[in-house]
Amino acid sequence: MKYVALLSGGKDSCYNLSHCNANDHQLVAAATLSPQSGKDEIDSYMYQTVGQDAIEFVARALEVPLYRQVIQGDAIEQNAEYGSRIAGGAGVLGDETEDLYTLLKRVKVHHPDVQGVSVGAILSNYQRVRVEHVCRRLSLTPLAYLWQRDQAELLSEMIAAGVKSVLIKVAGIGLTVKHLGKTLNEMQDTLTRLNNLYGLHICGEGGEYETLTLDSPSFKHRIALDGTEVVMHTDNDFAPVAYLRIKQASLHPKESSTDGKVEVPPLLDDRFGELKNVVETSVLEQYEKGSSGTYEPTNKLHHIPDHPSTHAIGSWLAVGNIHSNLSLRSEIPLEEQVRDCFIQLQGILQSHDLRIEDVANITLLLPSLAPKIFAAANKAYAEFFGVSPPSRACVGVDLPEGVGVILECVARKDNTRRALHVQSLSYWAPANIGPYSQAVTVEPYVFVSGQIGLLPASLTLPSPSSLALETALVFQHTDRVIRAANTAGGHVLLSLYWLVDYADTIHTRRACETFCEETPTLFLVVASLPRGARIEKQVLVHTGKFTVLDEDTFIQVSHTPEFVSGDIHAERTQILHTAEFLSEDVDPECGTKVSSEAILNSTRPPILNWQVSRFDVSGISPQCVVICARGHPSREDAIELEKIPLLSAFWATALSARLFHRVEADFSPSWSSVSRVLFGDNMPATTFIPCRYIGTWGSDERWDWAVAFVGVS
């Protein structure tokens, strides 16, 4: 795409251009924001203003037109979010971010074919969020290929690629006036030493220093500084603040041979590359053995509960089974059905003194994720959210006849809610491909959106199709999102793997075993996934932080959860009826055709498997419980579950339940008998999700139903 460079003149904004070019984007213009006339520098939260007296030379070195905008606003909105969570919200009047909007809007007038904006952000969420807000309003794609890169590696890459940037401002401990004018190459050892001693950011992400780029792989000419002046802002023995005023500069021809190769980081980190090899080996072994795939059901469930299911515990609210009241009218477009679902949700939230902005996570179930359907759903969905929308998993399932949309959500009124909403193309992890955040933190949980195996730099799936690469990518994306959402990381309490082919479940299970991921886990085969992906991973994370009373003082402590599982082998037997489970003649155990009579006359012992994530903290019940079983849910199942001491405290804290079940069976009546025993009148919000296959961690069993509970203490 054609793009404009958002230039400060520093190393990051200039080096990012090289990666934009490496990804086949075309630079057509540069844009910069400057302090008012007569000022070398202002105290801006958003922009590097020192060095603006040489920015014209940077644009001339790139041989592109430069568009300038004087910074008129102030840092009015200084919170992590910028703008409103309400749909359609604009920017903040008088904020310096709006100067960027004015600038880029003017660039679009002169270059209407511009589609992208190069941004040199590495670590600053503050800057990234605001640039992305402006770009979204102008239908521009941010290109931030340095985002979340390791700073030591990045600095070495810049030097190796021939980036010649000099320090023009120092403001960090250990840096002094004598360092002004020195190149990155000359400063690398000093910056590394100061990082080890004091935690100084090697790339200056904490504002410890600023640079001016004199040469870079994207430059057509090199810049020479012919006259400079040191300006002392604050004299301090440990961390003086000083900068260079550029009094005279000139352009000179450069030799292309002086530029090194721009190094694109590996697609996979080492441990995820190893995981890819494990899956590749598993796929090859299975291919040599031969295997059967999944089947498409011909007889779909015709009934789901008529009304939404809700449950509130304290400030938490879960809402399940929302489906459109319009869906029985076949001529109603999908967009209208999505809108109807959200209108229902808004009413339910209001009745609990909550708003749509308080929603943390949504699961959206559609009949298909074909491009037109996915786009239509996203269009209507986006009408209800502004900045920092909820995290989301979107899955195509075999919905009952007459039902076009089902959604469920978790909400909480919490002023500490934090969203990781990355809309930039980068090497880090995929930008959102819909109106959702990659993760939303509502203590103590981090709700992570479903991750598919997109190549982050292009937002495309691997071609040719590769389960091994997609699987490695979803593991890596999930890991990176968790780390970016919560600097201390977190603990996965629940993993859901959505797949479209039963044959892929064994390989995904081996990936989990390789990754040592011991947590309640389900493998769910459904009709389709976004963009035609083969696998989608969705996790719930706990921060591991607890506030406990230590003598007379409340302190915060960290704990690691333990994973506990067990089986219940009942003595009773049950006949499985074709009408309840099967499309005429498909054996659910292997996908092969058999006679209906053989199924009717067969018996097998019901078995329940339970899995728990729990913290060994006094007064805290398990956070996540997964139950898997054969046959229909029964009162006897509930009685057996009640006998498990580890689960006894959980039932009163269960907030939500997702009941995954075989497509061909109606489980809602039988589930009611179980839930009445376990929960009485305090049933968790329940959503029924039809699946073509249900499996779990550590077992090859094919289950008829499974339920994933999330609790709050």
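Reply: Two strands count as paired if DSSP finds at least two bridges between them, and helices (H or I, at least four residues) and strands (E, at least two) are DSSP runs numbered from the N terminus. This is a predicted model, in which local features need pLDDT of at least 70, side-chain atom pairs count only at pLDDT 80 or more, and totals for chains, interfaces and linings use all residues. Residues are numbered from 1 along each chain as its sequence is written, and side-chain values use heavy atoms, with hydrogens and water left out.

Me: OK, how many bridges join S1 to S2?

Reply: Five bridges link strand S1 (residues 2-6) with strand S2 (residues 26-34), and the two run parallel; Tyr3, for instance, has Leu27 as its bridge partner in S2.

Me: And in what order do the strands of the open sheet come?

Reply: The order is S3-S2-S1-S4-S5, five strands with parallel pairing, and the edge strands, each pairing on one side only, are S3 (66-70) and S5 (141-143).

Me: Switching to cores, which residues have the most contacts inside the largest nonpolar one?

Reply: A nonpolar core is a set of buried Ala, Val, Leu, Ile, Met, Phe, Trp, Tyr and Cys residues joined through side-chain atoms within 4.5 Å, where buried means under 20% relative accessible area with a 1.4 Å probe, protein chains only. The largest has 136 residues, and those with the most contacts inside it include Leu7, Val58 and Trp498.

Me: Which helix gives the most to this core?

Reply: That is helix H8 (residues 334-351), with seven residues.

Me: What about a second core?

Reply: A separate core of 40 residues includes Val114, Leu140, Val446 and Val481.

Notes: Buried means under 20% relative accessible area, exposed over 50%, partly exposed in between (1.4 Å probe, protein chains only).
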